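Please view the sequence and the structure together before reading on.

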Amino acid sequence: MVNHISDEAIMILLLGTFISAGSDTDIWWTGLGTSQKATWTQAKAAFLAKWPAIVVTGKTQREHQKDLLELQFKEEEVRERVTVAGIATWAHIQFHNKLKMLVKDAGVEHVPILIQPVWEALPQALRDLTSAVPADWDAFLNKIKSININTLQEKAKRVKERKEAERAQNAHIVWLESRQDPIKVLCLQMQQTMIGSNTLTPKATMPSRTIGNAPSSVMTP
């Protein structure tokens, strides 16, 4: 408010008015000499001499590197929309922007060795659609940004379904163990390794050959 007033006398008067009565600042202001209240410049200088401006220190590169390696993007957030500065965007795009800024602030644009630990912390759906060993940070960041949202959502949906199936089976295993049924527990644990896999290995077929005049086919199991 004071900054929008040009009359110095009014500015000084308002400054004294805004000070809480009985406070340390009020005691200081009351004891301030008349000459120091003569102009706004002198009053401001006296105030700053008593209470110097606090210098806000930014984070060091090492601290930014720590933030980079601790950056989290939860699995359930992958398919969400978020609002940033009033603009709706996909969560993975916002994550990309934050990651890009951290890479710059940490000063590791030319340190691709840090990409792998960041990749390992990504949600499964993003890991499936990106590489842990891209050429550089630009390639890694561009890949995240350019992921097709439909592909990402489908991938995230499958990851969610697989995890839900695993949780259900784990709960069933616990229940079976409580009933002391080791055979069924073993069978269920073996089935867990097949979650998400429906590929059957085809039998190999040997070509037919002729012995004399009688053709015969040899099949291998």
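## The crossing of α2 and α3

Helix α2 passes helix α3 in a right-handed crossing; a crossing is right-handed if the near helix is turned clockwise from the far one by less than a right angle, and left-handed if anticlockwise. Helices are DSSP runs (H or I, at least four residues), numbered from the N terminus. The axes of α2 (residues 24-31) and α3 (residues 40-50) come within 12 Å and cross at roughly 135°. That angle makes α2 oblique to α3: angles under 35 degrees count as roughly parallel, over 145 as roughly antiparallel, 65 to 115 as roughly perpendicular and the rest as oblique. Axes are lines fitted to C-alpha atoms, for helices over the stretch in contact, with angles from 0 to 180 degrees between N-to-C directions.

In this pair, T25, W28 and W29 of α2 meet A43, A46, F47 and K50 of α3, where contact means heavy atoms within 4.5 Å. The residues of this contact divide into five nonpolar, one polar and one charged. Ala, Val, Leu, Ile, Met, Phe, Trp, Tyr, Cys and Pro count as nonpolar, Asp, Glu, Lys and Arg as charged, and the others, Gly among them, as polar.

## Basis of the model

The model is predicted: local features need pLDDT of at least 70 and side-chain atom pairs count only at pLDDT 80 or more, while totals for chains, interfaces and linings use all residues. Residues are numbered from 1 along each chain as its sequence is written, and side-chain values use heavy atoms, leaving out hydrogens and water.

## The nonpolar cores

A nonpolar core is a set of buried Ala, Val, Leu, Ile, Met, Phe, Trp, Tyr and Cys residues joined through side-chain atoms within 4.5 Å; buried means under 20% relative accessible area, exposed over 50% and partly exposed in between (1.4 Å probe, protein chains only). The largest has 28 residues, of which L68, F95, L99, V108, W137, F140 and L152 touch the most other members. Helix α5 gives the most to this core, with five residues.

A second, separate core of ten residues includes M11, I12, W28 and A46.

## The pairing of α5 and α8

The axes of α5 and α8 come within 9 Å and cross at roughly 165°, so the two helices are roughly antiparallel. Helix α5 passes α8 in a left-handed crossing. Among the residues that meet are F95 and L99 in α5, and W137 and F140 in α8. The contact divides into eight nonpolar, two polar and two charged residues.
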